[in-house]
Amino acid sequence: MWKEYSRNYIKNNRSSGISVMVAAFISALFLSLLCSLFYNLWKYEVERIQIEEGSWQGRIEGSFDEDTLAAVKNFPNIEKVVINQEGTEGEKAAVDLYFEDMGTILEDLPKIAKLAEVPPEAVSCHHSLLAMYLIRDPQDTAPRLIFPLFLAITAMACISLVMIIHNSFAVTMNARVHQFGIFSSIGATPGQIRTCLLQEAAALCAVPVVSGNLLGIMIAMGLLKLANIMAGNLAEGRHEAEWGYHPLVFICTFAVTVFTVWLSAWYPARKLSRLTPLEAIKNTGELPLYKRKNSRLLSFFFGLEGELASNALKAQKKAWRTATLSLTFSFMAFTLMQCFFTLTDISTRMTYFEKYQDVWDVMVTVKDTEMDTFGGTKQMQELLDVRSCTVYQKAEAKRLITEEEISGQFRAAGGFENADQTFVSDTDSGWMIHAPVVILDDASFLSYCEQIGAEPRLDGAVILNRIRDSRNPNFRNPDYIPYLKEDRGITVLRSTADDKMAAKIPVITYTQEVPVLREEYGTLDYYELVHFLPVSLWKQIKTPIGGAEEDFYIRVLAGENAAMDELDRLEKEVTRLVGSGYTIVSENRIQEKLSDDKMKDGMMLIFGGFCVLLAFIGIGNVFSNTLGFVRQRRREFARYMSVGLTPGGIKKMFCVEALIIAGRPVLVTLPLTILLAALMLKASYLEPMIFIREAPFIPVLAFIIAVFAFVALAYYIGGKKVLRYKLADILRDDTMN
C-alpha cells in the first residue's frame, strides 16, 4: 500500500520531486567536487613541502654515538631515523626523525632530546609539514593561515550544501503534514509514515546522489589537469600535481549526503509523531508568524507590500537561513579576498619591485659552490650595457657586545631589555648576538667603500652600525639609530658552531648605508650586526669562522630602462659566462613581476571560485525555496488576494522580498569589510588613500549585481508560477504542484 502511495505521489507531484532530485544532485556533485579538490590541494601541498624542504617530521642535532642512535630508534612511536648528510658538520650530526603517529610529536620530541642528552633548542620539528596536519608548535612564529582558511571555507561550503538538501525536503515535507495527519487519523502509525517518507527519499535521491558524486569526481579530475596546464605555463619546472582520491573521501561525501537525506525525511515523521491526528489535520502547511512586527522602514519606502514582504520573510526565517548565511559568507569572503590581494599587491610592489628596481635586473644563484673558488667575476663585471655587477655570498657568525660598546641612543631606546632570547644570549661579559657576514667580490667592496666615503682597502670590514628603533612600530618607514659607539678599530667574529673559534678583523669604518644588493637587514632579528667583507679577507678567516652558505649570488643591474628582451638576452649571457659546470638558478626582474602577477591571479581564481561556490549555494537555496512557493504559500497568497491585493501588488511584494534577501548580506557585510580593511591597513602601515585609489570597487560591484540578478531571476520564476493560478484554484486544490 505504502509503496503504491509513494509511487503515485511522486508521479502526480513531479515538480516537487524534481526540486528534491535537483537539490540532491547539485549538493552531491558540489560536495564531491569540493572534497575531491580540497584533498588534492592538500596532497599537492604536502608533496611540494616534502620535495622542497624534506619529508622529515622532527630533527635533533648534536654528537651521537651508536648506542644513543639505537636508543632513539627504539623510542616508541618512532618509525625510522635517518642521518641528514647535508645538515652534518664535523662531529655534529643532524638526525631526521619520522613518527608513526604525528599527533604526539610535540610531546615526544622533548623526551627524545632528554634521551639523546641534547639541549631542548637542539630539537626542532618540521613546522610547515606539520601545519598541513593541523599540528601547531607554539614556538612557530609563522602565521600559516592559508590551509586553515581553505579548511574553514570548505567546511562552510559543505554545511551549506547539506542544508540545501535538508531545506529542499523541508519545503516538500512541511506541506504534507496535513495529508499524513489524515492517514494517522485512520490508523497509520508513525513507523509506517516514516517508512513511507524514507522510501520516497530513497526513490528520489538514490540516482542523483550516486551520479552527483561520480560526476563531481570526474569534474575534479578535469580541473586538476587544467590547473596543471595553467600552472605549467606560469612556472616552468614546478612539481606537477598528480590526481589522488582516497576512499575515505568518497565514503565521507556519500555518507554525509545519505545521512542528510535520511535525516530530512525522518524529521517530518518525528514531528508528526508528536502531533495528535487532529492537530496534523488542522495543519495547513503554511509557515506561521509567531511574532508580528511592523517594519517602518519598508512600509515607508514600499507601503503595504513592504510590510507584507517583511512578515513573510520572518515567517520563513528558517527556510532562508542557508541562503542568507551562504550569501553573507560568500560576499564577505569575496570582498575580503579582493581587499587582501589588492593590499598584498600594493605592499609587494612598494617593498620589493619598486624598492629594488634600481638595484637588480638579473639575479643568478650558483648552487653548492663557494664564492672564493669562482673565477668568472671579472668577466661578469666587463659585460656591455651593465651599470654594475656584484658577486657575493653570505655567512653566519656571532659577535659579543659589551655594555661599554652600545651607543647612547640605543641605550635610551631600551637596549637589550626586551630582546628575544632566540636572537640575543645574555652572558657575563655582555650579549652574544648574530653577526651576519656579507662577502663581496674585491672590486665591489672597494666600490662600496668609495660609496660611503671610507678608505678603499681590502684588509678590514665595514660594519652596518644601525638598529631599528623599537619605539616606532611602523615597519614600512622604520627609524634607525646608531647601534654601537664608533670607537673600536677591531671586531671579533665568532663561529656559530663553537664560540671559542674566532677571528679578529680590523674595522675600516662604521656606516648606516648598505651596498646595492637585493638584501634586507634587521627585519626578523632587529639585533643582528651585519659585517661586509671582501672575498680576499674571507679566504683568510673562513676556516675559524665557517658558517658560509652553500650558494653564492651574482647581482646584475642592466642599463637604463632595459626592456624585457634585453633582460632575457643579458640573463642568457650571464648564464653562459658562469659556465655549464655549475648548477644555477636565474631570474630577471620583469619576468619575476609577470610571474608574481600570474601567481596572484591564480590564487585569486582559486579563492574566487570558493566564494562563487558559496554564492551559488545561497542562490541555489533561493531557487529551491521559490520553486516551492505555490505549495508552501498558497493559502498566504489566497488570503492576500481575497482582501483585494492585486497581481501587481504580489509582484511588488516579491520584488521587496528579493531586494531584502540579496541586499541584507550586502548591508551586513560592507561595514564589517570596511572595518577589517581598515585594520589590515593599520597593520600594514599603508596610507588609506593609496589603497582607496586601487580598491577593488568594480569586482565587488559586479559580484553584488550578479547576486541581485540571480535572486531576481529566482523570484521571477517563482512569482510567475504563483500568478498563473486563480484564487478559486488555490483554495480548491490541495495537491497542487
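Residues are classed by relative accessible area as buried (under 20%), exposed (over 50%) or partly exposed (in between), with a 1.4 Å probe and protein chains only. The structure is a predicted model, in which local features need pLDDT of at least 70 and side-chain atom pairs count only at pLDDT 80 or more, while totals for chains, interfaces and linings use all residues. Residues are numbered from 1 along each chain as its sequence is written, and side-chain values use heavy atoms, with hydrogens and water left out.

The protein chain has 737 residues, of which 47% count as buried. Its secondary structure comprises 23 helices and 18 strands, taken as DSSP runs (H or I of at least four residues for helices, E of at least two for strands) and numbered from the N terminus. A contact is defined by heavy atoms within 4.5 Å. Among contacts in the protein chain with a separation of 6 or more, 81% are between residues 24 or more positions apart. The accessible area of the chain, from the Shrake-Rupley method with a 1.4 Å probe and, for residues, with only the protein chains shown as cover, is about 37600 Å², and carbon and sulfur atoms supply 59% of this area.

Salt bridges were assigned where a side-chain nitrogen of Lys or Arg lies within 4 Å of a carboxyl oxygen of Asp or Glu. The structure holds 19 salt bridges. One of them joins aspartate 96 to arginine 59, with 2.6 Å between the closest N and O atoms. Aspartate 96 belongs to strand β3 (residues 92-99) and arginine 59 to strand β1 (residues 58-62), so this pair ties together parts 37 residues apart in sequence. Both aspartate 96 and arginine 59 are buried.

A salt bridge also forms between the side chains of arginine 411 and glutamate 403, at 3.4 Å from N to O. Arginine 411 is partly exposed, at a relative accessible area of 37%, and glutamate 403 is partly exposed, at 37%. In a further pair, the side chains of arginine 518 and glutamate 587 form a salt bridge of 3.3 Å, N to O. Distant parts of the chain are linked by this pair: arginine 518 is in the loop between β15 (502-511) and β16 (531-534), and glutamate 587 is in strand β18 (residues 583-588), 69 residues apart. A network of salt bridges links Glu45, Arg48 and Glu52.

Glutamate 587 is also among the residues touched by aspartate 361. Aspartate 361 is located in the loop between α12 (321-353) and β5 (362-367) and counts as buried, at 2% relative accessibility. Not counting residues up to four places away in sequence, aspartate 361 touches Arg387, Val556, Leu557, Ala558, Leu567, Glu587, Asn588 and Arg589.

A nonpolar surface patch (nonpolar side chains Val, Leu, Ile, Met, Phe, Trp or Tyr joined within 5 Å, from residues with over 30% relative accessible area and no salt bridge; like charges are joined within 9 Å) is formed by Leu215, Met218, Ile219, Leu223 and Leu226, with about 410 Å² of accessible area together. Methionine 218 lies in helix α8 (residues 190-234) and is exposed, at 55% relative accessibility.

With a disulfide defined as a pair of cysteine sulfur atoms within 2.5 Å, the count is 0 disulfides. The cysteine sulfur closest to that of cysteine 252 is in cysteine 35, at 7.7 Å, which is too far for a bond. Cysteine 252 is partly exposed, with a relative accessible area of 45%, whereas cysteine 339 counts as buried at 9% relative accessibility.
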